[in-house]
Amino acid sequence: MAAFATADICDANEQLLESGDLRILHPVFKIYDRSQAFFGLIVTIKVFEENLLVKGLLETGGEGRVLVIDGGGSMRRGMVRGYLVQLAQNMGWSGILVNGCVRDVEEINNCCVGKTP
């Protein structure tokens, strides 16, 4: 798959943007892991300062999906840590997005969770 600029995707899909069927993430996220880009069907989970549900979901086969974790933006508890990213890599997840904290960044930076465009 070729890489596309966000602006080009938005320009080509104005109706989807207006309807809300296409949304973009604001550039407030940091990139960890060796994957700089990824894609896949999205699975969303909402948790707050507890990552047991995250672990349980990552233990299932990822099948190239992307896990989006809505941790409420909390900075008090890591929603993802090194061993969970390694688990995601082993189970075939394509990527993880977290609205909240991550920990074990050095360990995560040695992982490569999934396929890239």
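**Fold, core and cysteines**

Of the contacts in the protein with a separation of 6 or more, 72% link residues 24 or more positions apart. The model behind this figure is predicted. The protein has five helices and five strands, and going along the sequence they come in the order α-α-β-α-β-β-α-β-β-α. Buried residues account for 28% of the 117 residues.

Now to the inside. Nonpolar side chains tend to be buried together in soluble globular proteins. Here, the largest nonpolar core holds 19 residues, and the members touching the most others are Leu 58, Leu 67, Ile 69, Val 80 and Ile 96. Strands S1 (42-46), S2 (66-70), S3 (78-80) and S4 (95-99) each put two or more residues into this core, and so do helices H3 (52-58) and H4 (82-90). Take Val 80 as a case in point: setting aside neighbours within four places in sequence, Val 80 is in contact with Ile 69, Val 85, Ile 96, Val 98, Cys 101, Val 102, Arg 103 and Ile 108.

Cys 101 has a relative accessible area of 16% and, because the cut-off for buried is under 20%, falls on the buried side. Cys 111 is buried too, at 3% relative accessibility. As for disulfides, the count is zero. For Cys 111, the nearest cysteine sulfur belongs to Cys 112 and sits 8.7 Å away; a disulfide would need the two sulfur atoms within 2.5 Å, so Cys 111 is in none.

Terms used: Residues numbered from 1 in each chain as written. Predicted model: local features only at pLDDT ≥ 70, side-chain atom pairs only at ≥ 80, totals over all residues. Heavy atoms only, no water. Helix = DSSP H or I, 4+ residues; strand = E, 2+ residues; numbered from the N terminus. Buried < 20%, exposed > 50% of the residue type's maximum accessible area, 1.4 Å probe, protein only. Contact = heavy atoms within 4.5 Å. Core = buried A, V, L, I, M, F, W, Y, C linked by side-chain atoms within 4.5 Å.
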